[in-house]
Amino acid sequence: MADDSDGNANGDAGDPNLDLADARDRDAERALAGVAREFTTPPDTYYVDGNSLGPLSDGAAAGIERVVEEWRTLGIDGWTAGEPPWVEFGERIGDRLAPLLGAQGREVVAANSTTVNIHALVGTFLDACDADEPTVLVDELNFPTDRYAVVGQLEARGLDPADCLKVVASPDQRIVGENDIEAAIDVEDPDLVFLPSVLYKSGQRLDVERITSYAKDAGAYVGWDLAHSVGIVPHHLDEHGVDFAVWCGYKYLNGGPGTLAGLYVNERHFDLSPALPGWWGNDPDTRFDLEPVHDPAPGAARHQIGTVPVLSAASLHGALSVYDDVEMRDVRADSLALTDYLVDLVDAYFEDVTVGTPREHSRRGGHVALEHPDADRVSQALKDRGVVVDYRPPNVIRVCPNPFYVTHEDVWHVAAELHDILDSDAHEAYTARSGGVT
Ligand SMILES: Cc1ncc(COP(=O)(O)O)c(C=O)c1O
């Protein structure tokens, strides 16, 4: 692929759909075309790593600045006189997130980190199981913290993970089959099923509706880690009867590094006692009575633990304003158009790169896994050329064209840089690293 001066750019004149002018035409059609103005990505970059850390938005910056001003002028009174009152930030963010999740506001709260929320809700639902030795079904490819937290909660109840943790295998280490999950439910008869909606590495999207229905018919509670789907894939948690869910605030929601995570508890379960009780999950009406016995808040809010981190909440609350003027179905349509475009470019122009993400729209999240035997060094070369991707061992380069701030034209340039690196073996100048990298 080469960018010729008149913009009719590619090495294959036989495929007019893959030229740069075509990319620009496609951008003109996008529902989210105007939203990019609200984001700031690092200078001189193509920022395709928003599934790891979303960039700064005007809304997030304004949210932080407002709280700084409230802190300056109100001091401690910001807890009640802030806008919103700081004490309510978790619930008010929950209200803003509920439409993205297909949930009611009181079923959603921003709180803690994702890992802590997994501990909190897996623990809560384990305690609600009838079985003496409840079992939990997870998948082999889930993000490691999910497994650590489930194992931790089993062990905290004196349960042996060797007996109580059941794992759905992935023979190709890329995809987890819905059929395999259902077969495992049949064989293992788990009390709790906890799975990712989108696999963090391959970008495979699981069928939340189908698995939830199957597991519930088998008598299990069903929880989902939505870290890689919230904000980019529409959800219908109430309609699908999901029992609980957790997610990160710093990925597609663009809430800022390390910002608050979120959790959902279906209203059927509002009576469950939190496994990790804390005063922030106490009923706000009695919280400051400071009684020794926990009095759980109504709704999902009872699973908050400690004081809400207000600066972090402010950036997440502000970042969510980009959803005020867009429909999730348009976000999804634009996201699929961009990932389709990337997949088409890779198929057309690359011999040594394999798309590890399923081709079917219904099985794809918001990022694409490009597999290459030298993915680590290639990803370093890309970053040095301003293409912000990330590498996941052993062979995956994740590319996330988030339609809020990435265009088809950007994707074309990402592909062009990748092509140039592989063509010139530029990645061979780099040293492979041994482990996790951002
Ligand atoms: C699927 C998934 N779950 C959980 C986490 C971790 O969340 P946290 O570090 O906020 O606890 C991540 C982080 O990338 C993730 O990808």
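Analyst: Happy to! One term to start with: helices (H or I, at least four residues) and strands (E, at least two) are DSSP runs, numbered from the N terminus. This is a predicted model, where local features need pLDDT of at least 70, side-chain atom pairs count only at pLDDT 80 or more, and totals for chains, interfaces and linings use all residues. Residues are numbered from 1 along each chain as its sequence is written, and side-chain values use heavy atoms, with hydrogens and water left out.

User: Which residues of helix α2 are three apart and about one turn from each other?

Analyst: Those are Arg72 and Glu69, in α2 (residues 58-74). Arg72 forms a salt bridge with Glu69, with 2.6 Å between the closest N and O atoms. A salt bridge here is a side-chain nitrogen of Lys or Arg within 4 Å of a carboxyl oxygen of Asp or Glu.

User: And is Arg72 buried or exposed?

Analyst: Arg72 counts as exposed because its relative accessibility is 61%. Glu69, at 36%, counts as partly exposed. The cut-offs are under 20% relative accessible area for buried, over 50% for exposed, and partly exposed in between (1.4 Å probe, protein chains only).

User: How many salt bridges does the structure hold?

Analyst: It holds 25 salt bridges. One of them pairs Arg26 with Asp22, the closest N and O atoms being 2.7 Å apart. Both lie in helix α1 (residues 20-28), four residues apart. Asp22 is buried, at 14% relative accessible area, while Arg26 is partly exposed at 25%.

User: What does Asp27 pair with?

Analyst: Asp27 forms a salt bridge with Arg30, and their closest N and O atoms are 3.6 Å apart. Both residues are buried.

User: Switching topic: what surrounds the ligand?

Analyst: The surrounding residues include Ser113, Phe143, His228 and Lys251. To count as near, a residue needs a heavy atom within 4 Å of the molecule. The shell divides into four nonpolar, five polar and three charged residues. For those classes, Ala, Val, Leu, Ile, Met, Phe, Trp, Tyr, Cys and Pro count as nonpolar, Asp, Glu, Lys and Arg as charged, and the others, Gly among them, as polar.

User: Which helices each supply at least two residues of that shell?

Analyst: α5 (114-128) and α6 (144-156) do.

User: Where do polar side-chain atoms sit relative to the ligand's nitrogen and oxygen atoms?

Analyst: A polar side-chain atom of Thr115 lies 2.5 Å from a ligand oxygen atom. Asp225 has one 2.7 Å from a ligand nitrogen atom, and Asp146 has one 3.4 Å from a ligand nitrogen atom.

Methods
A polar contact is a pair of N or O atoms within 3.5 Å; within protein, one must be able to donate a hydrogen and the other to accept it, and residues adjacent in sequence count only if both atoms are side-chain atoms.
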